[in-house]
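Please take a moment with the sequence and the model shown here, and then follow the paragraphs below from one part to the next.

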Amino acid sequence: MKLRITWLLVLACVLIAAAVLFWPQDHQTGEGPPSSGAPQTDPVARGRDLVTLGNCEGCHTVRGGQRFAGGRSIPTPFGTFFAPNITQNTRYGIGRWSADDFWSALHNGYAPGRKLLYPTFPYTNFTRISRTDADAMFAYLKTVPAVAAANREHQLKFPFNQRWLLAVWRGLFFTPGVYEPDTQHDAAWNRGAYLVQGVAHCSACHESRNALGAVKSKDNPSGGLVLSWYAPSLSNSAEAGVQTWSETDIVRLLRTGLVTDGAGGHQGFTFGPMAEVVYESLQHADEADLRAIAVYLKSFPDIAPPSRQIRPTVAPSDVPVVMSLGQQLYADNCARCHGERGEGRSIVAPSLAGSRVLSMDSSIDAIRIVLYGGYAPGTGSNPKPFGMPPFYPTLTSEQIASVLTYIRGSWGNEASAISPDEVEENMTGPLW
């Protein structure tokens, strides 16, 4: 017992020493962003565009609540975070903040008083934003009306509720620094890289993370788990990579959330959290910015995910029986919209034959779509999208597993079978 206490004291001393060593210092360099395709002289208008592209309202607005007033929950493996109020309220919001305070939050990851921020606020991406753009974003947020909505305390597990430990985390995983243009590429590519890496913070969802929640893209460029969904890899054309797509189709997917007749026969549609990003953010983005993002995304190397042995969740001898049951369930519940052979019905229902979401190793998104259904994002080109109903009220876990096993093993799809246990594991609600 005494030995255990001694080791705990030693560990505590090491962590405290590390926290002191890594306690954040100011990093102020932040000029020279890549030029936009349509520069604006009005900082408020420019800030509005950047705040929209960053989908700040999406996280900082509780459903049905007032814009930017905070309160939206963000579940993670470490506990539940609650987005703060960023309106101009002087008590609960950022009404007393200066432009320097806002810059430090985005760039250095701490609030006034050097309060360390948890990286659920993606300052690890926002640090790449230039000071000029940060000031423009702050200028826009200054126009947001004050809302007297108190902030909620995060509900975190121990030791993650010890905020001072963030100093150690930052020392290990975070270095502030604005985006530096790559002279080997043109202005459009650099603009796209600046937006994807910084303002749009795509890697916050689309990259895998280690046990402490830090992105580990250098040694594993696979997709990431976010809000109980799988955000597929942007570096793998078998998942969400668009290396073979035209720039026009990439822009169309980002702006509308749906491509059913892309060049080369490809198709794509957004669902889950990404559909919300299209609805609240990307459909309103500047055309030149979306095209720059397309240029950058298209340039990604096509990297297959690390090979891993997938242990069958359904006994091989049981698969024929499961497939037979799934075929009948598909005919009764799915064929009317998706076609007898999964060919789809244009914008009504996407094709299931050769579908990337159904062919991925990860079955999470396929399961959740059948469980909770959902709509494509309502956009200017598709203002009244067709939707898929949730099937968890009418089908059992065994039936959902069977129909998905059938779909994932038919019409060119060659994915593994799904067990009822996998379906049960994903019954966590449609969104956060």
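This is a predicted model: local features need pLDDT of at least 70, side-chain atom pairs count only at pLDDT 80 or more; totals for chains, interfaces and linings use all residues.

Strand 2 and strand 5 (residues 155-156) run antiparallel to each other and are paired over 2 bridges, and in this pairing Thr80 has Gln155 of strand 5 as its bridge partner. Strand 1 and strand 2 make a hairpin, with 2 residues between them, and Thr76 is found opposite Gly79 of strand 2. Taken together, these strands belong to an open sheet of 3 strands, whose order is 1-2-5 and whose pairing is antiparallel. At the edges of the sheet lie strand 1 and strand 5, each of which pairs on one side only.

In the whole structure, a search finds 13 salt bridges, and one of them joins the side chains of Arg72 and Glu276, with a distance of 2.8 Å from N to O. Arg72 belongs to the loop between helix 3 (56-59) and strand 1 (73-76), while Glu276 is part of helix 11 (residues 272-280), so this pair ties together parts of the structure that lie 204 residues apart in sequence. Are the two partners buried or exposed? Arg72 is buried, because its relative accessible area is 4%, and Glu276 also counts as buried because its relative accessibility is 11%, given that buried means a value under 20%.

Another salt bridge links Glu287 with Arg255, whose closest N and O atoms are 3.1 Å apart. Since Glu287 lies in helix 12 (residues 287-298) and Arg255 lies in helix 10 (residues 247-256), the pair ties together parts that are 32 residues apart in sequence. Glu287 counts as partly exposed, with a relative accessibility of 38%, and Arg255 is partly exposed as well, with a relative accessible area of 22%. Glu287 has a further partner in Arg291, and in this salt bridge the closest N and O atoms are 3.9 Å apart. Both Glu287 and Arg291 are in helix 12, where 4 residues, or about one turn of the helix, separate them. Arg291 counts as partly exposed, at 30% relative accessibility. Through salt bridges that share partners, Glu247, Arg255, Glu287 and Arg291 are joined into one network.

From charged side chains we turn to the cysteines. How many disulfides does the structure hold? The number is 0. A disulfide is a covalent bond between the sulfur atoms of two cysteines. For Cys59, the closest cysteine sulfur is that of Cys205, and because the distance is 8.1 Å, the two are too far from each other for a bond, the cut-off for a disulfide being within 2.5 Å. Cys59 is partly exposed, with a relative accessible area of 33%. Cys202 is likewise in no disulfide, since the nearest cysteine sulfur, which also belongs to Cys205, is 8.5 Å away.

The last stop is helix 13, which takes in residues 319-333. At 1.5 Å a residue, the 15 residues of helix 13 should span 21 Å, and because the end C-alpha atoms are 20 Å apart, the model agrees with this expectation. Which residues of helix 13 are buried? They are Val322, Gly326, Leu329 and Tyr330. An α-helix has 3.6 residues a turn, so residues three or four places apart point the same way. The elements that cover the buried residues of helix 13 include helix 14 (335-338) and helix 17 (397-408). On the face of helix 13 that is turned away from its buried side, the exposed residues are Pro320, Val321 and Asp332.

Technical notes. Residues are numbered from 1 along each chain as its sequence is written. Side-chain values use heavy atoms; hydrogens and water are left out. A salt bridge is a side-chain nitrogen of Lys or Arg within 4 Å of a carboxyl oxygen of Asp or Glu. Buried means under 20% relative accessible area, exposed over 50%, partly exposed in between (1.4 Å probe, protein chains only). Two strands pair if DSSP finds at least two bridges between them. The expected span of a helix is 1.5 Å times one less than its number of residues. Contact means heavy atoms within 4.5 Å.
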